[in-house]
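Work through the exercises below with the sequence and the structure side by side. Try each task before reading its solution.

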Amino acid sequence: MLEIKNLHAKIDDKEILRGINLTIKPGEVHAIMGPNGSGKSTLSSVLAGSEVFEVSEGSATFYGKDLLEMPAEDRAREGLFYSFQYPVEIPGVSMVNFMRTAVNEHRKYNNEKPYSASEFLKLMREKKKLVEIDSNLTNRSVNEGFSGGEKKKNEIFQMAMLQPKISILDETDSGLDIDALRIVANGVNKLKSEDNATVVITHYQRLLDYIVPDYVHVLYKGRIVMSAGKELALELEEKGYDWIKKQFED
Ligand code: ADP
Ligand code: MG
Ligand code: MG
């Protein structure tokens, strides 16, 4: 599904990604962990199509298509979903209208008929129920005045509506209390299928009690320095990152 080879990216001549290799197949859940400033958000931004970073080497293909050549909006329409670490607020645009436009844009791109108003409302009702988000949020402007937890729930709702092939969730757990965490994780788990994949970026093992990864990768100084099964997350929780820093100091 997603194949990343020797990916390098920089900003202002500062190299932040220094040779990332990662292969993701449908049905898989990958966790990316690592100390602050390792490049986790940079990796997701580069994949989502941020133009802030310059890719200087390497490749990323999505179902065989060159992802790095595509504009960000086409990447989304091809089925890549990126939840920002810091979601933007869009005052004056209701969630309902925002989602209707987004969903129909995606359908158009994929040669599917746009949803009628009633089809769309039906889909929305279904997905709202699935991710346990209430109308109080979906009737408001996108993220405007939402608490941290509400923004994250809202992202999972957007993910449910767009039905992406791969979702990259960047610190979806930050700012969540334990109940919100469970709701978000349940949503992610319910949306999981044999046809889609999830990449969970997190500092903490806690989220991975709920969203159980098939693989855990440690990103450090712009490289994946370690990959293993879910037990690696527990080991990191217990031992911290110092042993990794020592081992992989330049
Ligand atoms: P992480 O998500 O793992 O905490 P980031 O990808 O956010 O790490 O950051 C990796 C490195 O890139 C950090 O040193 C950070 O300061 C730098 N960086 C990220 N974004 C920018 C930017 N817009 N301008 C300059 N440096 C940046
Ligand atoms: Mg960070
Ligand atoms: Mg980050």
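**Exercise 1: a hairpin**

Task: find how many bridges join strand S11 to strand S12, and in which direction the two run.

Solution. Step 1: strand S11 (residues 215-220) and strand S12 (residues 223-228) are joined by 5 bridges and run antiparallel. Helices (H or I, at least four residues) and strands (E, at least two) are DSSP runs, numbered from the N terminus. Two strands pair if DSSP finds at least two bridges between them. Step 2: Val-216 has Ala-228 of S12 as its bridge partner. Step 3: the hairpin of S11 and S12 has 2 residues between the strands, and Lys-221 takes a positive phi near 50° there.

The model is predicted: local features need pLDDT of at least 70, side-chain atom pairs count only at pLDDT 80 or more, and totals for chains, interfaces and linings use all residues. Residues are numbered from 1 along each chain as its sequence is written, while chains are lettered from A and ligands numbered from 1 in the order in which they are written.

**Exercise 2: the sheet around the hairpin**

Task: state the strand order of the open sheet of 6 strands.

Solution. Step 1: the order is S6-S9-S10-S3-S11-S12, with mixed pairing. Step 2: strand S6 (80-83) and S12 are the edges; each has a single partner strand, so one side of each lacks a neighbour in the sheet. Step 4: strand S3 (residues 29-33) runs parallel to S11, joined by 4 bridges. His-30 has Tyr-215 of S11 as its bridge partner.

**Exercise 3: the ligand shell**

Task: find which helix gives the most to the shell around ligand 1.

Solution. Step 1: the residues around ligand 1 include Gly-34, Lys-40, Ser-41 and Thr-42. A residue is near a molecule if its C-beta atom, placed from the backbone, lies within 6 Å of it. Step 2: helix H1 (residues 40-48) gives the most, with 3 residues. Step 3: by class, the shell has 3 nonpolar, 7 polar and 1 charged. Ala, Val, Leu, Ile, Met, Phe, Trp, Tyr, Cys and Pro count as nonpolar, Asp, Glu, Lys and Arg as charged, and the others, Gly among them, as polar.
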